[in-house]
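Have a look at the model first, then read on.

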Protein chains: 2
Amino acid sequence: MDQLYRSRSEAKATDLPPDATPAVRRARPTARAENERALLEAAEQIFAELGFAGATTAAIARKAGVPKANLHYYFATKEALYRAVVERVLKAWLAAAAPFDASDDPSEALAAYIGAKMDLARAMPLASRIWSAEIMRGAPIVQDFLDTTLTDWVAAREKAVVRWISAGKLKPIDARVLFYMIWATTQQYANAAHEMATLNGGRPLDDAAFEQAKRQVIETIVGGVTNF
Amino acid sequence: MDQLYRSRSEAKATDLPPDATPAVRRARPTARAENERALLEAAEQIFAELGFAGATTAAIARKAGVPKANLHYYFATKEALYRAVVERVLKAWLAAAAPFDASDDPSEALAAYIGAKMDLARAMPLASRIWSAEIMRGAPIVQDFLDTTLTDWVAAREKAVVRWISAGKLKPIDARVLFYMIWATTQQYANAAHEMATLNGGRPLDDAAFEQAKRQVIETIVGGVTNF
DNA sequence: ACGTCATTTGACCATTTGGTCAAACTTATA
DNA sequence: TATAAGTTTGACCAAATGGTCAAATGACGT
């Protein structure tokens, strides 16, 4: 799972040591691990809030509690740091995609998938927002992922959809239209959380409201493609 | 229609002359009108591509074909220019919301509304993307619109939805969940156009594919909330 | 022709930003 | 304890950026 895709630009220089660490040089793993964690966490917040261009390495370093020069010790460039953040999101995205294959019944599979994506948006709103922003910008960093892993993922699931339709278990629908609807609808609960809060009297959706939304989204989409 | 909302921060200084122009000072309206148009168009492109922070006034001026100092003659600050762009989007958004009231039949109303929003995303992808980005950032510029016009719009339509549900014309669903689904799904065709193109063999959706998507989105959502 | 007002533009500036560097410091091992 | 490797950090820098300004130019009514 550590070779999701290979970025088109420079082979990432921020990788951990090439392979299994020689067991000898494992000296003081604390500093590196902890600093990278803090920096990635801070970066996620700042990037989500201000976007790639709006984020400054100084702000990220400050939020992480380290001097800016230290940030550049661990991540050579702002783009490398951004790339690292996006790669974490990528893993979460793929993990949340797995439930699609949980069942061969379309209602179950779709419900599981939509539910997982809703939960992802709820649990990792910052990461989700960064992902959307990246896609919206034309995927400057994850283009290669779109070309390979995502294309394959969609192609494979498209077959399942076609099979379901042939078997009369699903209304005829273009698989991609269905996926786009699912992606958009679930992402919305991360992307538009602020708008939702405003329309909710200024308060963010509480767990009950979110769970109800999840149910209704599932019912509507699943019902929309299965009720004959 | 020229008083959509009033921004919270500084009363916009980029307004056209306060009222009906005194008819005398209407001298040479050409330069101002044409320059503002070119600047707004260029700004829309750059803002959509790079976001607010990533956009530079130099790049916008260059694309508009005027010196940077001239840009600042017409729009005092980058934010004022951005605000002007966002206000244009706002009008388009509201115009596309009108079809919701075209019918008192939920299937018809929703189909008209979704269709209009899909068309908007297709016809003005840049503007649509800017709108999404603005919402995603927490609506720094249009917060006041969310608080007033949008809140009212939703409240009013929420009543229609409740009425439809009471009349047994609609499955029970939270009106806002429905709106969020519609907004997200339709926006997707502007926001994720690049992703869609990638999954479409690198070619953007052609008109036929888009029209099919529109039909299927309408069928799925409308079917999802009306089929019993 | 003249005065007035809108417009244009090159030159300029203070600030911010991503990134560098070298010196200091820490830790673990030989 | 000497040495090497990893880590920390303040100082620094070149480039980019939003914005300013004053002088020049153009247009128009009188």
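A:Y73 is exposed, at 55% relative accessible area, while A:Y74 is buried at 10% (buried is under 20% relative accessible area, exposed over 50% and partly exposed in between, with a 1.4 Å probe and protein chains only). This is a predicted model, so local features need pLDDT of at least 70 and side-chain atom pairs pLDDT 80 or more, while totals for chains, interfaces and linings use all residues. Residues count from 1 along each chain as written, chains are lettered from A and ligands numbered from 1 in written order, and side-chain values use heavy atoms, without hydrogens and water.

**Ring pairs**
- Rings of Phe, Tyr and Trp (its six-membered ring) pair if their centres lie within 6.5 Å; planes under 30 degrees apart are stacked, over 60 edge-to-face and the rest tilted.
- Over all chains, that gives 38 aromatic pairs.
- A:Y73 and A:Y74 make an edge-to-face pair, with centres 5.0 Å apart and planes at 80 degrees.
- B:W93 and B:W183 are also edge-to-face, at 5.7 Å and 70 degrees.
- B:W93 is in helix α4 (residues 78–97) and B:W183 in helix α8 (residues 175–191), both of chain B and 90 residues apart; helices are DSSP runs (H or I, at least four residues), numbered from the N terminus.
- Both B:W93 and B:W183 are buried.

**A ring cluster**
- Ring pairs tie together a cluster that includes A:W93, A:W183, B:Y189 and B:F210.

**Charges over rings**
- A:K78 has its charged end over the ring of A:F52, 4.7 Å from the centre (NZ of Lys or CZ of Arg within 6 Å of the ring centre and within 35 degrees of the ring normal).
- In chain B, the charged end of B:K78 sits over the B:F52 ring, 4.7 Å from its centre.

Note on methods
Helix = DSSP H or I, 4+ residues; strand = E, 2+ residues; numbered from the N terminus.
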